Every structure is written in C-alpha cells, then in structure tokens.
Amino acid sequence: MSDIKIEDIPFKSEVMPAVLDPNAEIKFKCHKGISCWNACCKQADITLTPYDILRLKQATGKDSSGVLKDHTVPFTMDADGVPGIKLRTTDEGTCLFMDEETGCTIYENRPTACRYYPLGNLSLKKADQAHENQHFVLVKEDHCKGHEEDRGINIQDYRAEQKVEDYDQHNIEYFQLILKKKSMGPGVGKPPEMSLQLFFMAAYDQDRFRRFVLSDAFKNNYTLDDKTYDDIANDDVACLYFGYRLLRQVLFNEKTIAEVDGALEKRAEERKEVIEMRRKLEIEKSKSNDPYLSYKLEVEEEKKRDDKEK
Ligand code: SF4
Ligand code: SF4
C-alpha cells in the first residue's frame, strides 16, 4: 500500500485516510431528509470514465458528442497531455444533473465516483486486477453528515448497494491503459498529437470513433472480420473495448489488430509527401503575392493524392 499517494484519492482530503480492505466496515448512510441533502452535488468535482459516458448517453438520450459538449469539461491528466474529462458544473460548482427536491436526476446512470462516494476506490487506480487486489479509502468531508448516521455497513455490501460492479468491470481496461502509460515514464516521450486525439475519440467520443472504424479510411489500414465490425456497429461496450485494443496498438505497439499489407509504409509515404508539400508551399508563398496561392496548391496536392488512391 505504500505506493498510494494523496493525489490518488478521488476527493479532496488534507490527510491521507487509512487504506481499507473490502471487508472493512464503515459507518455511513445517505438519504433524503438528511440535513446535508445535495451538499456533495453542489461542489461536484467528478472525473468521468469512458463507461460513465456510455451511461450518460443512456441517461440523456444523446450521442457521445452531445454528452461531451453539454455535460463535460476536458482536462489533461498528466504532463504528456493525456486527455481526461470531468462532469460540467455551474460556475458555483453545482452539478447540472442535481435537482433540489429529487437529488440526482440521473440516479440509475450516475457516474462511478458518485456511486462510490464517500469511498475512493484505489483498486482501479493502482492495480491491474482490481478484483484481486482491492483497497479503498473513506473520505470525510465537513459538509457530509452521512458519517454521523447510525448505520454500519461492510464495504462489499456498500458496493453492492450502490451497484458499482458493472462500472468496475468496464473501467478496469481504461485504468490499465492509463497505468501502463504512466509506468512508461517520461523517458518514452510525449505521444504524438494524433495519438492523443485518437485517445480522446476512442475513450470518450465513442460514436464518432465508431464512424471512424466503419469508414473506408480505417478499412484501408486495418483488417477486421465481419463479426467484429458487427459488434462495433451495434454494441457500445464492444466498440469501447475495441477502442482500448486500438489504443494499445497505437500507443504501446501491442499488435492485436491485423494491418493491411503495406498500409504502414503507405502512411509513412503520405506523411513524407505532406511534409514536402508544406515545405514547397512555404517557399511559394514567400515568393508570391497571390492570396489564394496556398489554397490553390493545397487543392492541387489533394487532387494528386485522390488520383493516386484510385
Ligand atoms: S451526477 Fe448525480 S450524484 Fe453525481 S454529482 Fe451530479 S447530481 Fe450528484
Ligand atoms: S450525506 Fe453526504 S453524500 Fe449524502 S447528501 Fe449529504 S453530503 Fe451528499
């Protein structure tokens, strides 16, 4: 447990709380009528996982792009710019899903961190096998009076009560990916911008990622069987898991998706051509007064690339 740090705790805490095992008993109860009803949701700082986005899609009936636009804000998780997302709040910090009277308006689909509160699940942040190596912390914030209620409950029973199992199961792959990226350390260097954009799309903007995988551009580079295509087209969870596979291939060179013969070389060649095109463009621009020159040259180069594709 010694490798657990205070920044791993998902809620604000001045001191490192004791690390608890799954059989530990906590004293806590939240219910409508408690004096602090909604206080936690009025200072919501909720980091979302990709599976949370799937559930927010179900809750709102929006696609992933709509959920991201209306209900989240982006942030960077580390110095390499790996993207994360949080629940959007009002300027005062109130969650947009909170209703004074009823509380959480998306209760059945509320995010992982909301379900666990006031527990922090460090298993997902520290271990490859969350179910074999579970550890938690109990965070006591002043505004939360649930700790003063007279109910003892075992952590496993609390997890069952809050229905976190599905969430944990589908979050493991995501946390493994982040852990692997972290464990590679700064020596490996920052992933290229294109890989970070792919990370954002595959992890969070899943419907856009699905369209990308079903496009000709993807098929020109990777070979998938019909069943995999079918699953990606029709099943959100399958699409998410395929995204994790592709990210592992792109970020860590863990090859599980067949590449079209010669696709890698073709992509490298195309990249070289783009660099050369930009270089020529800069030279031509410096010599010419034609304001449309860049545009004309780009159209010309694009046409050349299209002709080659045919
Ligand atoms: S999603 Fe629900 S439980 Fe979570 S902060 Fe918002 S209102 Fe509260
Ligand atoms: S008891 Fe804690 S979790 Fe429940 S409403 Fe109050 S602040 Fe929120």
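I took helices (H or I, at least four residues) and strands (E, at least two) as DSSP runs numbered from the N terminus, and strands as paired if DSSP finds at least two bridges between them.

I note that this is a predicted model, in which local features need pLDDT of at least 70 and side-chain atom pairs count only at pLDDT 80 or more, while totals for chains, interfaces and linings use all residues. Residues are numbered from 1 along each chain as its sequence is written, and chains are lettered from A and ligands numbered from 1 in the order in which they are written.

Within the pair, I found Thr72 opposite Leu87 in β5. Six residues lie between the strands of this hairpin, and Gly81 has a positive phi near 80°.

I then checked burial (buried: 20 or more other C-beta atoms within 10 Å of the residue's own, placed from the backbone; exposed: 12 or fewer; partly exposed: in between). In helix α7 (residues 193-203), I list Phe199, Met201, Ala202 and Ala203 as buried. Their cover includes α1, β5, α6, α8 and α11.

Lastly I examined Leu251, which is found in helix α11. Leu251 is buried because 20 other C-beta atoms lie within 10 Å. Leaving out residues up to four places away in sequence, Leu251 touches Lys181, Pro191 and Ser195; contact requires C-beta atoms, placed from the backbone, within 7 Å. The C-alpha atoms of Leu251 and Ser195 are separated by 7.1 Å, with the two residues 56 apart along the chain.

How values were computed:
Contact = placed C-beta atoms within 7 Å.
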